[in-house]
Amino acid sequence: SDPNLSLKQPLTFVDHILLSGLWNQLFPMTVGKYLRQNGTASLHDLKSSFELDFVTEKTKIQSLAGNPRRWLALIATLSKSNRIVFNLGGQDPMGVDKSLAFIKTQVKQGVAGIFFDPHGASEYFFDRHYQAEPLL
C-alpha cells in the first residue's frame, strides 16, 4: 500500500446496463444501437475481444447474460476513455478472469483503471495492487 497514492486524472465509471420501463419493452435496445450511443466501439471489437460469436448488431441487450452485458459496457466505455473504474462484483469467476485478461492487454496500450474486485483475482493479473481499507 502507498499512503501517498492520489488520483490526478478524471476516471470514467463503467456503468451497468440497466434496461427497464415500457419504452424498452416496446423498443428493445440492441447491441448495435448501444454501441452507437455510448462510444465509438464496433461489434467487431466486442466479438474479437471476448469471443462472443453469437452476438449481432440486432441482438437485444435484454437477452444477454450478465458477463456479455458487462463486457459490452466495458468495450463501449474504453472507446471513449482510457481511464476507467470497473466493478467486478456480480461476475462469475470465469467472467472475472476474462475481464481482467482483457483489461491487462488494454493496460499495455495505455489504459489505467481502478477495479473493485470482491473476488481478489486482480492481484494475479497486475504488477501493482492496492487494497483499500475502511477508515472507520
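Hi everyone. Let me start with a word we will need: a residue is called buried when its relative accessible area is under 20%, exposed when it is over 50%, and partly exposed in between. With that in hand, here is the chain: of its 136 residues, 38% count as buried. Please keep in mind that this is a predicted model.

First, the overall layout. The protein chain has five helices and three strands. Reading from the N terminus, the order is β-α-α-α-α-β-α-β. As for dimensions, the C-alpha atoms fill a box of roughly 50 × 35 × 30 Å along the principal axes. A compact globule with 136 residues would have a radius of gyration near 14 Å, and the 16 Å of this chain agrees with that.

How do the parts of the chain meet? Take the contacts between residues at least 6 apart in sequence: 71% of them join residues at least 24 apart.

You will find F13 in strand 1, residues 12-13. Is F13 buried, exposed or partly exposed? Its relative accessibility is 36%, so F13 counts as partly exposed. Leaving aside residues up to four places away in sequence, F13 touches T77, V85 and N87. F13 and W71 are 58 residues apart in sequence, and their C-alpha atoms are 13 Å apart in space.

That brings me to the aromatic rings. A pair of rings is described by the distance of the centres and the angle of the planes. The count here comes to three aromatic pairs. In the pair W23 and F27, the ring centres are 4.6 Å apart and the planes meet at 45°, so the pair is tilted. W23 is exposed, at 62% relative accessible area, while F27 is partly exposed at 46%.

Another pair is F50 and F102, with ring centres 4.8 Å apart and planes at 50°, so this pair is tilted too. It links distant parts of the chain: F50 sits in helix 3 (residues 43-50) and F102 in helix 5 (residues 93-107), 52 residues apart. F50 has a relative accessible area of 0%, so F50 is buried. F102, at 9%, counts as buried as well.

Technical notes
Residues are numbered from 1 along each chain as its sequence is written. This is a predicted model: local features need pLDDT of at least 70, side-chain atom pairs count only at pLDDT 80 or more; totals for chains, interfaces and linings use all residues. Side-chain values use heavy atoms; hydrogens and water are left out. Helices (H or I, at least four residues) and strands (E, at least two) are DSSP runs, numbered from the N terminus. The radius of gyration is taken over C-alpha atoms; the globule rule is 2.2 Å times the number of residues to the power 0.38. Buried means under 20% relative accessible area, exposed over 50%, partly exposed in between (1.4 Å probe, protein chains only). Contact means heavy atoms within 4.5 Å. Rings of Phe, Tyr and Trp (its six-membered ring) pair if their centres lie within 6.5 Å; planes under 30 degrees apart count as stacked, over 60 as edge-to-face and the rest as tilted.
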